[in-house]
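Please walk me through the structure shown below. I am new to it and would like a plain account of how its parts are arranged.

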Amino acid sequence: MTDAEALKRDAAAKALTFVEDGMRLGLGTGSTAKHFVDLLADKVRAGMTVVGVPTSEATRRQAESLGVPLTTLDETPELDLTIDGADEIDPALNLIKGGGGALLREKIVAAASARMIVIADASKQVDALGRFPLPIEVNSFGLGATRRAVERVLERAGCAGPLQIRKMADGHVFVTDGGHMILDAACGRIPDPAALAAQLHAVPGVVEHGLFIGLATFAIIASPGGAEVVGRVGQ
């Protein structure tokens, strides 16, 4: 295991200490969240009783293969806790998520949870969001018009930069679990993430975006010195 993966696993292990028997959990997507699901499965095999809602088909397959009991938000519309990673975390615990393409389901699950713990290594901490390209999930219908509207929003927000349709390594357009496309916006620095979030939501054709504002309860940040809790645990 590389040093980076070891740090991610440390953060995941710390998050597991906040999971209690009987909890309804949102299970995140991505490399750090994958470690959490692995560790949670160990607890389930040891007798812990939990049920999870996966935020992607990849997480669902992982959890099922490891024997973690699953449910849906239709069956269990209120969750106790979501544990998920992030691509960026600012000092106010606002996030950029969606590097793995699961932002829509991740946000739905986080919003249905009483608390959200973000797990990450220290490289994800930033003074201001925007260094990581902002994922914007869009409907394929009217893509050209939606793209132009998004470009205007970014320009007004003071963070205009190249806007690319996400593609896979083989050159094909990336399609989300919901059947949508993703525009990745190279913002550089986002002056007002909350304002940009609202403006993007107002664009017809934008399904969701990767700005997670006010959803994280606290974060667990792993560095070589150990895993540190950032934010108010008692919220």
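**Helices, sheets and their contacts**

Helices (H or I, at least four residues) and strands (E, at least two) are DSSP runs, numbered from the N terminus. This is a predicted model, in which local features need pLDDT of at least 70 and side-chain atom pairs count only at pLDDT 80 or more, while totals for chains, interfaces and linings use all residues. Residues are numbered from 1 along each chain as its sequence is written, and side-chain values use heavy atoms, with hydrogens and water left out.

The axes of α2 and α3 (residues 57-66) come within 10 Å and cross at roughly 25 degrees. Axes are lines fitted to C-alpha atoms, for helices over the stretch in contact, and angles run from 0 to 180 degrees between N-to-C directions. On the α2 side the contact (heavy atoms within 4.5 Å) involves Lys34, Val37, Asp38, Ala41 and Arg45, and on the α3 side Thr59, Gln62, Ala63 and Leu66. Of these residues four are nonpolar, two polar and three charged. Here Ala, Val, Leu, Ile, Met, Phe, Trp, Tyr, Cys and Pro count as nonpolar, Asp, Glu, Lys and Arg as charged, and the others, Gly among them, as polar.

Helix α2 (residues 31-45) also meets helix α1 (residues 3-16): their axes come within 8 Å and cross at roughly 50 degrees. The two are therefore oblique to each other, and α1 passes α2 in a right-handed crossing. Among the α1 residues in this contact are Glu5, Arg9 and Leu16, and among those of α2 are His35, Phe36 and Lys43. The residues of the contact of α1 with α2 divide into seven nonpolar, three polar and five charged.

Turning to the strands, six of them form an open sheet with mixed pairing, in the order β2-β1-β3-β6-β12-β13. Two strands pair if DSSP finds at least two bridges between them. Strands β2 (51-54) and β13 stand at the edges with a single partner each, so one side of each has no neighbour in the sheet. From one strand to the next the twist averages 25 degrees. Within this sheet, β3 (residues 79-84) and β6 (residues 113-121) run parallel and are joined by five bridges, with Leu79 opposite Ser113. Strands β12 (residues 218-223) and β13 (residues 226-231) run antiparallel, joined by six bridges, and a hairpin of two residues connects them. Phe218 stands opposite Gly231.

A second open sheet has four strands in the order β8-β9-β7-β10, with antiparallel pairing. Three bridges join β7 (residues 134-138) to β10, where Val138 stands opposite Val206. Helix α4 (residues 103-111) packs on the sheet, touching β7, β9 (181-185) and β10, and its direction makes about 65 degrees with that of β10. Helix α5 (residues 143-156) packs on the sheet too, touching β7, β8, β9 and β10.

In total the chain has six helices and 13 strands.

How values were computed. Angles under 35 degrees count as roughly parallel, over 145 as roughly antiparallel, 65 to 115 as roughly perpendicular and the rest as oblique. A crossing is left-handed if the near helix is turned anticlockwise from the far one by less than a right angle, and right-handed if clockwise.
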